[in-house]
Amino acid sequence: MTAMTGPLQRPPLKTSGGNARRRTAFNRAMGVVLSAAVLLALIPLVLIIAVIVANGLPAMNWEFLTSTFNFSRREPGGGYLHGLVGTLYMGGLAALMSIPIGIAAAIYLTEYPRQRLAGLVRFFADVMTGVPSVFVGLFVYTLLVRQIGFGTFVGALSLAIIMLPIVVRSSEEILKLVPGELKRGSYALGARHWQTIFRVTLPTAAPGLITGAMLAVARALGETAPLVLTALAAQSVVLDFQGGGQTALPLLIFREARGAFEAGQQRAWAGALELMALVLLLTIIARTIGARSRYGR
Amino acid sequence: MTTTNHEDQGRQPGMNRITIDLKPRQEEPAATVLRARTPEPADATAAASDLEPEDFVFELDEVRVRYGDFTAVRDISFKVPRNRITAIIGPSGCGKSTVLRSLNRMNDLVPGASVLGRIRYNGEDIYDPEVDAVEVRRRIGMVFQKPNPFPKSIYDNVAFGPRLNGYKGDMDELVEASLRRAALWDEVKDKLRSNGLSLSGGQQQRLCIARAIAVEPDVILMDEPCSALDPIATLRIEELMFELKENFTIIIVTHNMQQAARASDVTAFLTMGEDRAGYLVEMAPTERLFTRPESRLTEDYITGRFG
């Protein structure tokens, strides 16, 4: 076929001839550039963590975690227990509202991808991801708060609206990864469509779905703007479902960080540390579940 | 090469019946078999002429499968004898798997696929609008090219089908019996709770066979079940097929001619026309097809001159 290159015509193994030196140098230079970019990208992240830990740790103690505001916010002491409770309460409610609907929508998108409605849902999910969260707060404020007042539920609802598109899109990507051969295996055994979804598709995708949902929860826990317009505020632990104000860690941080009192600012730093630890914890849980049994073991 | 045969066909319109004799092959344009539009029991299914007519599980009549505008296979007429291993061979892309998938309505899952003609299963038209595709699939099991156990335990893999059907009996017993019939029990009896994906490829494929037979189907369709396996695992599957044919009818698609020759009772040879649509060239008892093929196309294929 083609003429064989004689052994004498082959370049030597030692890279010295031709443009080998230039290519090696370029390769090395690109390696340096990329490493530098990674380091640059890490600077803000590391700084944020360092500053929060450095400022938050001195004010962090058992009292801070387990008590609410003292009578005087001018003085040191007291804590953000009401904020933690509000954050977990509203975050949990928001998760209950958005995760089932989001996963159901994602199932629709993957099982009926050709439907016109699927394209529409996908488009609006994308648009919603980009909507500034303060608009979501305004939306819920106009729609509900003016009728039924501030409270846990309306706060949770605004968080759920922020989470929903994240859950839909992450779940859709995960569900798309479920191998078609598994679904076909199920159909070949005489499974109906819903049986295949519940017995094969969802269990196979479960770790990934949980990861996506956790990341959406983590995102929602840090939201401040929509809560200002829906949860408003509270001075102590609120367990009411709806009606009174509610508070959350970001709300307390926002409020005390711009306050005039040194003690309040200290508490805000501790609150920031607490919130960051909470989000970090959720992310780690999500990653652990996601890494385990991606598909098999 | 089909061109010349088609031309021959055009010049000899009378030759549309294949007779089984030992005339030199070149006098018999192969395409005549394909052009034998009237499905006489004597042509493709002469294979099983020693069987009673009611002993056919499947009767395909002028089956044509289309994906959108593309005709994947056309003019497929043959009968599948009960409790035999029927092999479908042919070059890549000739529609072997398409024919197989149309037998348990798996093609329904492919968007744009349509099946024309008639496929009778125990005399019933499985594409009758009143027939439930899910019921068809419960009677006609399938084993795929790539082993596809569910990412569940070995036990749950086998119990999957019976649970779908709301099986009321002793599940442990059924799982054990199915694994034994699939010749896998001894290898997995101590690790029924471990993941099906932890098994080797050959074991996974036998697990898929156990999973298929756990629902007591009538027929097992196998779509190149050994193409991802090593020769030893392949041989084990073939031995297993031989044992299973006592209770099941097996139809196996294979691109491995040796496998068809070794393991099947009846062989159907498909090839592809100029229109890229697959069609049936001939079907005969395996031994005869491989020793005295009626069609030149078959002879070319089995002797390795084509495909």
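Q: Is strand β3 (residues 85-89) of chain B enclosed or open, and why?

A: A residue is termed buried if 20 or more other C-beta atoms lie within 10 Å of its own, exposed if 12 or fewer, and partly exposed in between, with C-beta atoms placed from the backbone. In this predicted model, strand β3 of chain B is largely enclosed by the rest of the structure because 5 of its 5 residues are buried. Ile85(B), Ala87(B) and Ile89(B) point one way, Thr86(B) and Ile88(B) point the other way, and all are buried. Strands (E, at least two residues) and helices (H or I, at least four) are DSSP runs, numbered from the N terminus.

Q: What conventions apply to numbering and confidence?

A: Residues are numbered from 1 along each chain as its sequence is written, while chains are lettered from A and ligands numbered from 1 in the order in which they are written. As the model is predicted, local features need pLDDT of at least 70 and side-chain atom pairs count only at pLDDT 80 or more, whereas totals for chains, interfaces and linings use all residues.

Q: Which strands pair with β3(B), and in what sense?

A: Two strands pair if DSSP finds at least two bridges between them. β3(B) pairs with strand β8 (residues 249-253) of chain B in the parallel sense, over 4 bridges. Here Ile250(B) is the bridge partner of Ile85(B), and Val253(B) is that of Ile88(B). Strand β9 (residues 266-272) of chain B also runs parallel to β3(B), joined to it by 4 bridges; Thr267(B) in β9(B) is the bridge partner of Ala87(B).

Q: Which other strand pairs with β8(B), and how many residues of β8(B) are buried?

A: Strand β7 (residues 219-223) of chain B pairs with β8(B) in the parallel sense over 5 bridges, and Val219(B) stands opposite Thr249(B). In β8(B), 5 of its 5 residues are buried. Thr249(B), Ile251(B) and Val253(B) cover one side, and Ile250(B) and Ile252(B) the other.

Q: Which residues have the most contacts inside the largest nonpolar core?

A: A nonpolar core is a set of buried Ala, Val, Leu, Ile, Met, Phe, Trp, Tyr and Cys residues joined through C-beta atoms within 7 Å. The largest has 85 residues, and those with the most contacts inside it include Ile88(B), Ile220(B) and Ile250(B). Another core, of 61 residues, lies apart from it, with Tyr80(A) and Val145(A) among its members.

Q: How many residues of chain B are in contact with chain A?

A: Two residues are in contact if their C-beta atoms, placed from the backbone, lie within 7 Å. By that criterion, 21 residues of chain B are in contact with 16 residues of chain A. The elements giving two or more residues to this side of chain B are α4 (133-139), β6 (140-143) and α5 (154-164) of chain B.

Q: What is the span of helix α4 (residues 116-130) of chain A, and how many of its residues are buried?

A: The expected span of a helix is 1.5 Å times one less than its number of residues. With 15 residues, α4(A) reaches 22 Å from its first C-alpha to its last, close to the 21 Å expected. The helix is hardly covered, its count of buried residues being 1.

Q: What is the mean pLDDT of chain A?

A: pLDDT is the predictor's confidence in each residue, from 0 to 100. Chain A has a mean pLDDT of 90, and 93% of its residues reach 70 or more.
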